[in-house]
Amino acid sequence: MNVDLFARFPSLLLAWRNLWRHRVRTVLAMAGIVIGVVAIAAIGMTGTALEYGVTQDLGGLANEVTVFPGEDNEDDGFTEMQIQQIRRIATGATVVPVKSDRLEVSTRAGEIDTNVEAMARPSALYTASEGEIPDPLRSGAVVSSTLAGELDIEVNDAVTVGDRTYRVRAIYEVQGFTFGPGTVVLPESALREEPFGSIEIRTESGEASEALAGEIEAQFNVREEIVQTSTPGDIQEAIGGVFQTLRTALIGIGSISLLVAAVSILNVMLMSTIERRGEIGLLRAVGIRRIEVLRMIIAEALVLGVIGGLLGTVFSMVIGIGINASMFGDATLVLRWESLQFVLMGLAFAIIASGVSGLYPAWKAANDPPVEALRG
Amino acid sequence: MSVVSLEGVGKRYPSGEGYIDALVDIDFAVEPGEMVTVIGPSGSGKSTMLNLIGLLDTPTTGTVRHRGTDVSDFTEDQLTAERRSGIGFVFQAFHLLPMLSAVENVEVPALFANRPGRRERAIDLLERVGLGDRLDHRPSQLSGGQRQRVAIARALINEPHIVLADEPTGNLDRETGRTILEELTTIKEEQEVSIVAVTHDEMLMEYDDRSVELVDGRIQP
């Protein structure tokens, strides 16, 4: 260590020498701090990475609004008039009324019970990975890539849905989280009997979809709940909330390990000041003031906290880089504030906890009468 | 003006249900450049007296003066400051800090004063007590006599007006003890510093200017 620094901060010199004297003890006390910091930072960063992954998956859906019948909607669907009204509210956006049912879908390869939607303009909602989705869709079917895989479907193959057969015009790629084999999309005329069970709207942006959802609800639900709207924002918010709660709980657990480390520093400092009682008495006798003794011992505890904390920070960053690289193939995501804040939180907590742990032993040592301390 | 004076000083300790008078009505003064030994059997109050002179303890009755100033109303920090600037200590058990080198040990009392030339003065003092080639040795690498000489150098680092020595030869063999006493005498003359040494070693009296005998907490006439 730099000699000039010690000449300026003699407490640091003495603290450093004392820690060096009991290297094993020092290293063990630091190890506690390192573990504490890593616990907090790694848990926080993992949570952040998971949340990032989930919201990334949802990100593509940001400009969507789905309108469902509300609790007081007697038809359990939308009338032509209501759809017109929604079209008027959603000027500039693409409005696609959807009928849906659950039907058996079969090919030569097999059969599956799955969700069937009927709509005029599926091209607004789905992106074809094979073939082309006609706009509007007047005949034929569009199937999900999952279903295509399971039933061995290719473009231009025939599929039987219910009791009618359709030619597959396109296959679309499934995005984000889905359940089941995916949807078969048919022309609106295919489910003639069904009401429009939902209305899909595509807007310019996420903000526009939030605003639109609010406006639709405001116009329809004056006294009764005729419509319900759902936007990805709602889902993201809910997911964010869940992660927040989860992370707080886990970091609480992580903090406990740092608390344990702080107690072990308290113990080490207390032990070492009792051992050095004579030395501290000597310092006081030759004119070292109480505040200077206090500073020296708090400096010892802080050196433990700072070095342990920094080591913990390094390990945490390595872990964070590993997590982000393996989950998203991008290690630099660890530098996002959402992730970095936990490392800094761990470091700050380590330094504060060790400083506080040094207070009592320091106070005790500084106030020991030198005569008695020297006597042993 | 006396360097230090005790005027009617008494020290009483609680003991069991009663108390013990460690010192009774002590009148004592040390003049500049004088070496005084305080002798007496163990338990006679020698160390208590040295602690009072050294401002490590406060008297129950009477007045302690340092360079004419009554220190009765000094706060703990004022006492500490006075110890730092005016008093050097030499102990029987040396009391060197094991993790510091010889020269760093000498610097300890000046460590927080941050005075320029501290290191140079520490080296100079160690050279003067014959340890110029042991500057970077740890106490564990030094003999008893060498350790006590480091302690003497440490006592002088802040240019005190008085050095207090508690059984300075107590842990040393006779010959080494003698060299230490010669060292103290030289220092007394070179640095014009007063010395009060507490001992039951008769040899010290060969080197002192005068001696005071304590028995049962009283100075013998």
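Me: At what angle do α9(A) and α10(A) pack, and how far apart are their axes?
Reply: The helices α9(A) and α10(A) pack at about 160°, and their axes are 7 Å apart. Keep in mind that this is a predicted model.

Me: How is such an angle read: is α9(A) roughly parallel or roughly antiparallel to α10(A)?
Reply: Angles over 145 degrees count as roughly antiparallel. That is why α9(A) is roughly antiparallel to α10(A). The crossing in which α9(A) passes α10(A) is right-handed. As for the residues in this contact, 20 are nonpolar, 13 are polar and two are charged.

Me: At what angle do α7(A) and α10(A) pack?
Reply: Helix α7 of chain A covers residues 232-275, and helix α10 of chain A covers residues 337-366. They pack at about 25°, with their axes 9 Å apart. Angles under 35 degrees count as roughly parallel. The helix α7(A) is therefore roughly parallel to α10(A). Their crossing is right-handed.

Me: Which residues in α7(A) meet α10(A)?
Reply: From α7(A), the contact includes A:Leu258, A:Leu259, A:Ala262, A:Ile265 and A:Leu266. On the side of α10(A), the residues include A:Phe349, A:Ala353, A:Val356 and A:Tyr360. By class, this contact has 14 nonpolar residues, five polar ones and one charged.

Me: Now to the strands. How do strands of a sheet pair?
Reply: Strands of a sheet pair through backbone hydrogen bonds, and the sense can be parallel or antiparallel. An antiparallel case is the pair of strand β2 (residues 94-107) and strand β3 (residues 110-118) of chain A, with nine bridges. A hairpin of two residues joins β2(A) to β3(A). A parallel case is β3(A) with strand β8 (residues 184-186) of chain A, joined by three bridges.

Me: Which residue in β3(A) is the bridge partner of A:Ser100?
Reply: The partner of A:Ser100 is A:Glu117. A:Glu117 also stands opposite A:Val185 in β8(A).

Me: In chain B, what is the order of the open sheet of four strands?
Reply: The order is β2-β1-β4-β5, and the pairing is antiparallel. At the edges stand β2 (18-30) and β5 (69-70) of chain B, each with a single partner strand, so one side of each has no neighbour in the sheet. Strand β1 (residues 4-15) of chain B pairs with β2(B) over nine bridges. Within that pair, B:Pro14 has B:Tyr19 in β2(B) as its bridge partner. Helix α1 (residues 46-53) of chain B lies across β1, β2 and β4 (61-66), at about 125° to β1(B).

Me: And what is the order of the open sheet that six strands form in chain B?
Reply: It runs β6-β7-β8-β3-β9-β10, with mixed pairing. Its edge strands are β6 (87-90) and β10 (218-219) of chain B, and each pairs on one side only. Strand β6(B) is parallel to strand β7 (residues 162-166) of chain B, over four bridges. There B:Gly88 stands opposite B:Val163 in β7(B).

Me: How many residues does the contact take from chain A and from chain B?
Reply: Chain A gives 20 residues and chain B gives 18 residues. On the side of chain A, the elements that give two or more residues are α2 (10-21), α8 (277-285), α9 (290-328) and α11 (370-375). The largest share, six residues, comes from α8(A). By class, this side has 10 nonpolar, three polar and seven charged residues.

Me: Which domains does the assignment give for chain A?
Reply: Domain 1 is 3-58 + 237-375, and domain 2 is 64-231. Their C-alpha centres lie 56 Å apart.

Definitions and conventions
Residues numbered from 1 in each chain as written. Chains lettered and ligands numbered in written order. Predicted model: local features only at pLDDT ≥ 70, side-chain atom pairs only at ≥ 80, totals over all residues. Contact = placed C-beta atoms within 7 Å. Nonpolar A, V, L, I, M, F, W, Y, C, P; charged D, E, K, R; others polar. Domains from an automatic or database assignment. Pairing = 2+ DSSP bridges. Axes fitted to C-alpha atoms, helices over the stretch in contact; angles between N-to-C directions. Parallel < 35°, antiparallel > 145°, perpendicular 65-115°, else oblique. Left-handed = near helix turned anticlockwise from the far one by under 90°.
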